Amino acid sequence: MEGAELELERRSRFLNSLIEKKKAKEHQEQYDKLNVRVRASDMPIPLQTRAFKCARDQLDSMPGKLDSKRLALALKKEFDSMYGPAWHCIVGTSFGSYVTHSIGGFLYFSIDKVYILLFKTAVEPLDH
């Protein structure tokens with residue numbers, strides 16, 4: 001019986017690895033279509049996808065020159081309204097940063113030649 005359980009566990013791990021590879025390939029195809037490159041992330045895939053689509057839509061709607069402030073504001077507003085307050089966004093072609101973020105709330109990516117840092121911080125009520 002023990003040999004059968006080990007074989008079942010091995011097969012289960014193999015099938016899970018195939019599923020993960022398929023998901024990774026699908027995500028990469030989506031990133032390629034949007035011209036996105038993830039630089040660093042501590043954010044669930046669905047939130048990342050929303051950020052990529054929002055950024056792509058904003059960039060496509062800008063005639064000519066990049067409006068960093070408009071793009072940052074759009075991403076911040078989108079994430080504040082969908083996932084609660086305290087989202088921050090930095091957009092540019094060259095910047096340095098070092099931030100503290102909430103768990104699951106950090107994404108640094110590039111789209112075209114624009115770099116975007118999107119992160120969430122905790123909001124604590126003030127004690128008076």
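Me: Is Asp80 buried or exposed, or partly exposed?
Reply: Asp80 counts as partly exposed, at 22% relative accessibility. Buried means under 20% relative accessible area, exposed means over 50%, and partly exposed is in between (1.4 Å probe, protein chains only).

Me: ok, and where do these values come from?
Reply: This is a predicted model, where local features need pLDDT of at least 70 and side-chain atom pairs count only at pLDDT 80 or more, while totals for chains, interfaces and linings use all residues. Residues are numbered from 1 along each chain as its sequence is written, and side-chain values use heavy atoms, with hydrogens and water left out.

Me: Which side chain meets Asp80 in a salt bridge?
Reply: That of Lys76, at 2.6 Å from N to O. A salt bridge here is a side-chain nitrogen of Lys or Arg within 4 Å of a carboxyl oxygen of Asp or Glu. Lys76 is partly exposed, at 30% relative accessibility.

Me: How far apart are Lys76 and Asp80 in helix H3?
Reply: Four residues, about one turn of the helix. Helices (H or I, at least four residues) and strands (E, at least two) are DSSP runs, numbered from the N terminus.

Me: why would such side chains pair at all?
Reply: Side chains of opposite charge can pair when their charged atoms come close.

Me: How many salt bridges are there in the whole structure?
Reply: A search finds seven. One of them joins Glu9 and Arg13, with the closest N and O atoms 3.5 Å apart. Those two are about one helical turn from each other, because they sit four residues apart in helix H1 (residues 2–34).

Me: What does Arg50 pair with?
Reply: Arg50 forms a salt bridge with Glu78, and the closest N and O atoms are 2.7 Å apart. This pair links distant parts of the chain, since Arg50 is in helix H2 (residues 45–61) and Glu78 is in helix H3 (residues 68–83), 28 residues apart.

Me: New topic. Which residues have the most contacts inside the largest nonpolar core?
Reply: Leu71, Leu75, Phe109 and Ile116, in a core of 23 residues. A nonpolar core is a set of buried Ala, Val, Leu, Ile, Met, Phe, Trp, Tyr and Cys residues joined through side-chain atoms within 4.5 Å. H2 gives the largest share of this core, six residues.

Me: And what is Leu71 in contact with?
Reply: Leaving aside neighbours within four places in sequence, its contacts (heavy atoms within 4.5 Å) include Ala55, Leu59, Val91 and Ile116.
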